Amino acid sequence: MNIKIYNSFSRKKEEVIPIEEGKIKLYTCGPTVYNFAHIGNLRTYIFEDVLKKSMEYIGLKVKHVMNITDVGHLESDSDTGEDKMALGASREKKTVWEIARFYEDEFLKDCQLLNITKPTVICRATEHIGDMINFIKKLEERGFTYIANGNVYFSIEKYPEYSKLANLSMEELEAGGRVEVDPFKKNPLDFVLWFTNSKFSNQIMQWESPWGTGFPGWHIECSAMSMKYLGERIDIHCGGIDHIPVHHTNEIAQSECATGHKWVNYWMHGEFLVMDNGKMSKSSGDFLTISKLIEKGYDPLDYRFFNLQSRYRKQLVFSFESLIDSQKSLKKLKSKIKNIIKNKKIEETIGERKIEKYQTSFAAHISDDLNTANALTVLSEVIKSDELNNAEKMYLIEDFDKVLSLNLTTIEEVDSNVDMDEEYIELLILERNRARMEKNWARADEIRKILLERNVELFDSKEGTTWKPKL
Ligand code: AMP
Ligand code: ZN
């Protein structure tokens, strides 16, 4: 079976034909480590994790490379705005290096909590400055650069394909991406490859280069590191949808001009997570993180499940009401699985034919441009099925969880100490809500106590009450 994905470049669903049979070279743009990742950023990493695991499920071997942007780059996608790393350093009174390492660790912890598997190679921009310099030299030799005001620019003039990924006219691209006008650019869409003349006098991260002491522009790191670890041609490149008009457009231009040939066969972009109450903004500091969800009583995997219930190419509106729904559905799923585990008998055997039918159906859905929502319905069918015995069900649940990564079968450890039926817990929570509305605090406290005695812990927030097994 081959996987079909929507290629943002051709704007068509296409079957993925690997460059090398059975193997996939995957590059995903990583985080800029100047602050915590918000749950929107993490939506993109969940989508990429599902992509990788889906390809592995159908038997492909994936080499996955992801960068860590730990070089200060500018706040907007164009060459304008504040330096993000310096912004983080001054906010927290730390050095840019401390900021970078701290937030890289935090990001990797979030990924672990979401069961996002580590890429084969994680590469830091600051450790690949030499590769970037060599890449810029190549572009220079081929005549794609010019120097102005001390900075090395990429000139888009000799690359007529420039606007192909975004499918916009040059005027639209110009209007979309740029705020400040840079008088040194020959074309407003040109971009900086190497800065020696930073507009920030206190730039700490600086390196020697043939053009003078300075630091790289943002886009160059992905091209240089991708080629170092994956070679000049790769199968799939991913990122969030916002990267299409500037970052990925620039990555393609510089990569194809440096090599003289096509770079990426399939481009995939994840749509945004949006908040029901407006935009999440890192600069205002008002954004949701995984640790905030944990504080409110959610398991990070409730959020992963929430994502899997929708399509990666559709905008997803976040609300606590929907997250609570996902939390409840996941709990229900797990409690059904718990019963399967309890009732499984040693003498039950696995019928290859029977399980194959469900595996094929699961694989068909994930191979259909990662239709995780439909794949989850196959999981429900397995759980409900009359034709499968408990051993077959467990085999399939474990098998599907290689992609879903919801810890579906570690159920017993998680809530074995909860000594109450879930529906009854929900009823008591409803009764407690009523008591609180009527200001009957004694009853509300009593219910909390009853639940706690059964190892059920309640978490109240303005969005509602959630519960978790007391560990
Ligand atoms: P950054 O660390 O800002 O480079 O972003 C990391 C990744 O998150 C990039 O692939 C972005 O495209 C993606 N991203 C940013 N905001 C959102 C959002 N609200 N929803 C989904 N992905 C996002
Ligand atoms: Zn990138």
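Reader: Where does C29 lie?

Author: C29 sits in the loop that joins strand 3 (23-28) to helix 1 (39-57). Helices (H or I, at least four residues) and strands (E, at least two) are DSSP runs, numbered from the N terminus. This is a predicted model, where local features need pLDDT of at least 70, side-chain atom pairs count only at pLDDT 80 or more, and totals for chains, interfaces and linings use all residues. Residues are numbered from 1 along each chain as its sequence is written, chains are lettered from A and ligands numbered from 1 in the order in which they are written, and side-chain values use heavy atoms, with hydrogens and water left out.

Reader: Is C29 buried or exposed?

Author: Start with the cut-offs. Buried means under 20% relative accessible area, exposed over 50%, partly exposed in between (1.4 Å probe, protein chains only). C29 has a relative accessible area of 5%, so it is buried.

Reader: Which residues does C29 touch, not counting residues up to four places away in sequence?

Author: Contact means heavy atoms within 4.5 Å. On that basis C29 touches Y45, M66, N67, C222, H237, C238, H243, H247, H248 and E251.

Reader: Where does UniProt place the feature "binding site"?

Author: The unreviewed UniProt entry puts it at C29, C222, H247 and E251. Read such records with care: UniProt positions are given in the numbering used here, feature names are shortened, and annotations may be inferred rather than shown by experiment.

Reader: Why do they gather at one spot?

Author: The four positions span 223 residues in sequence, yet no two of their C-alpha atoms are more than 10.8 Å apart, so they gather at one spot. Take C222. Its place is in helix 6 (residues 219-230). C222 is buried, with a relative accessible area of 1%. Beyond its neighbours within four places in sequence, C222 contacts Y27, C29, N67, H247 and E251.

Reader: What does UniProt place at residues 31-41?

Author: The unreviewed entry gives "short sequence motif: 'HIGH' region" there. The end C-alpha atoms of residues 31-41 are 8 Å apart, and the span is 27% helix and 0% strand.

Reader: In what order do the five strands of the open sheet come?

Author: Strands of a sheet pair through backbone hydrogen bonds, either parallel or antiparallel. Two strands pair if DSSP finds at least two bridges between them. Here the order is 5-4-3-10-11, and the pairing is parallel. Strand 5 (121-124) and strand 11 (264-270) are the edges, each pairing on one side only. The twist averages 20° from one strand to the next.

Reader: How many bridges pair strand 3 and strand 4?

Author: Six, in the parallel sense. K23 has K61 of strand 4 as its bridge partner. Strand 4 (residues 61-68) also pairs with strand 5, over four parallel bridges. There N67 stands opposite C123 of strand 5. Helix 6 packs on this sheet, touching strand 3, strand 4, strand 5 and strand 10 (234-240), and its direction makes about 145° with that of strand 4. Axes are lines fitted to C-alpha atoms, for helices over the stretch in contact, and angles run from 0 to 180 degrees between N-to-C directions. As for cover, six of the eight residues of strand 4 are buried.

Reader: Which order has the open sheet of four strands?

Author: The order is 6-7-8-9, with antiparallel pairing. Its edge strands are strand 6 (145-148) and strand 9 (215-216). Strand 8 (residues 191-195) pairs with strand 9 over two antiparallel bridges. F195 stands opposite F215 in strand 9. Helix 4 (residues 129-141) packs on the sheet and touches strand 6, strand 7 (151-154), strand 8 and strand 9. The direction of helix 4 makes about 125° with that of strand 8.

Reader: Where is S155 found?

Author: S155 is in the loop between strand 7 and helix 5. At 10% relative accessibility, S155 is buried. S155 touches F144, Y146 and D190, leaving out residues up to four places away in sequence. E157 is in the loop between strand 7 and helix 5 (170-177). E157, at 66%, counts as exposed.

Reader: At what angle do helix 12 and helix 13 pack?

Author: Two packed helices are described by the angle between their axes and the distance between the axes. Helix 12 (residues 372-384) and helix 13 (residues 390-404) pack at about 165°, with axes 10 Å apart. That makes helix 12 roughly antiparallel to helix 13 (under 35 degrees is roughly parallel, over 145 roughly antiparallel, 65 to 115 roughly perpendicular, the rest oblique). The contact includes L376 and L379 of helix 12, and L396 and F400 of helix 13.
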